Amino acid sequence: MKILRDQRGAFAKLIYVDPPYGTGRRFTFDDRLAPAATRTRRDARHASWLSMLYSRLAVARDLLVPNGVVAVSIDDRRVHQVRMLLDELYGDEEFVGCIAVRTNPRGKGLRRHVATNHEYLVIYAKDRRAPEVMRGPRLGPEEAASHYRHSDERGRYAIHPLRGTDHRRRRDDQPSMFYPLFVDPATGRVASRRRRPFIVCVYPEAVGGEQRDGVWCWGHERASRNAHLLFAKRSQRGVWRVYRKTYAEEEPTLSRATSIWTDPVFSYAAGKRAADTAVGRHVFEFAKPVELLRRLVEMTTRRGTHDVALDLFAGSGALAEALAAANAADSGNRRVVAIQTRDAIDVASAAYSAGYRTIADICRARMRRACAPVKMSMRTYRVVPADPAG
Ligand SMILES: C[S@@+](CC[C@H](N)C(=O)[O-])C[C@H]1O[C@@H](n2cnc3c(N)ncnc32)[C@H](O)[C@@H]1O
């Protein structure tokens, strides 16, 4: 990482971090990146994991372009520590989101009281206010079915209140977003000007219920242009409320991600299958689901800008495969840098009998297979310490 920092400076639009977890044994990391003071803590195992991550997240910040983001996959046991590290290094004002991903629909069997079936994707920006930090996702089939629950002759659609849903935004703050709309009480159709049969006048309600104190989330001009997407419903209290429709067909991506992702394509089982297929047999236990990483890549990088994603703990190379899939889907020219230590593979494992000797070998093989169909060229660098004793 230091070599990348010295030679390339800030180059990454996305840095993905899927750190190795504790397995009960003491962590032995090459801690040359860690500050010396953190090496002497009493709880050595814990401190060593935190130091390892702290030092890498610190250097990672220098590698991010101004509108770059860092995303960390982490479970519920360690998420609070990761949030604290990121708050300290990036600033809590740069917190973008903490997404709960259902990675194991049935739940893990190991815990006695709670069967955990999710993990987190914690996202921070280098500068949350910079342009094009992130956009919303394209939904998977199951999510799309539950998001676009209604249908009419134009297709499947979702409905959203037209009133602004931020309780801090009131009529006094945004007077131009406060105006009347007119409803045809027989059909619920909406018009931006009063004319027959649009005779019921409706104003935006503020969140919290005060009448005539809220704002619409569309300006008057947009509401008149898109009146065909609006409809009104009368509540049990007899109050008319205006809603807008968003059609699945017309939304290439959602405007924002939601914070719970449940599509089965994000399950670990899917991740394992993808890794097995990518290298021809079952050689890697903890591969991340490719579709999960593809969503992350598509939300944080763009197709024609040579954006670079950097994977700090590449493992089987799932992020590289996800990025190649994103490039294949939209003819993009994104690039990926994957870092992986030459951790030896257990001689008794299927991976060893398949001819792999280090995890980096598996990663390279997977990347080669993923990159070839989209004509991404690939180079491998081996980092050797200048002072082997150091
Ligand atoms: C949780 S796995 C990553 C899995 C990966 N995201 C995937 O989907 O295949 C963490 C990886 O980090 C590697 N690792 C451990 N220590 C490392 C270090 N100091 N630098 C880079 N990688 C390391 C391990 O070999 C392991 O493969």
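What you see is a predicted model, in which local features need pLDDT of at least 70 and side-chain atom pairs count only at pLDDT 80 or more, while totals for chains, interfaces and linings use all residues. Residues are numbered from 1 along each chain as its sequence is written.

Let me begin with the ligand. It is surrounded by 17 residues, of which the closest are Lys288, Phe313, Gly315, Ser316 and Ala318, and a residue is near a molecule if its C-beta atom, placed from the backbone, lies within 6 Å of it. Sorted by class, this shell holds 9 nonpolar, 4 polar and 4 charged residues; here Ala, Val, Leu, Ile, Met, Phe, Trp, Tyr, Cys and Pro count as nonpolar, Asp, Glu, Lys and Arg as charged, and the others, Gly among them, as polar.

Now to helix H8, residues 318-330, whose 13 residues reach 19 Å from the first C-alpha to the last, close to the 18 Å expected at 1.5 Å a residue, the expected span being 1.5 Å times one less than the number of residues. Helices (H or I, at least four residues) and strands (E, at least two) are DSSP runs, numbered from the N terminus. Among the buried residues of H8 are Ala318, Leu319, Glu321 and Asn327, where buried means that 20 or more other C-beta atoms lie within 10 Å of a residue's own, exposed means 12 or fewer, and partly exposed is in between, with C-beta atoms placed from the backbone.

How does H8 pack against helix H7, residues 290-300? The two pack at an angle of about 60 degrees, with their axes 8 Å apart, which makes H7 oblique to H8. Oblique covers the angles left over when those under 35 degrees count as roughly parallel, over 145 as roughly antiparallel and 65 to 115 as roughly perpendicular. Axes are lines fitted to C-alpha atoms, for helices over the stretch in contact, and angles run from 0 to 180 degrees between N-to-C directions.

Finally, the backbone. Most residues other than glycine have a negative phi, and most peptide bonds are trans. Ser331, in the loop between H8 and strand E14 (335-338), has a positive phi near 50 degrees, and Ser331 is exposed because 9 other C-beta atoms lie within 10 Å. Lys375 has a positive phi near 55 degrees and lies in the segment after H10. The peptide bond from Arg196 to Pro197 is cis, with omega near 0 degrees.
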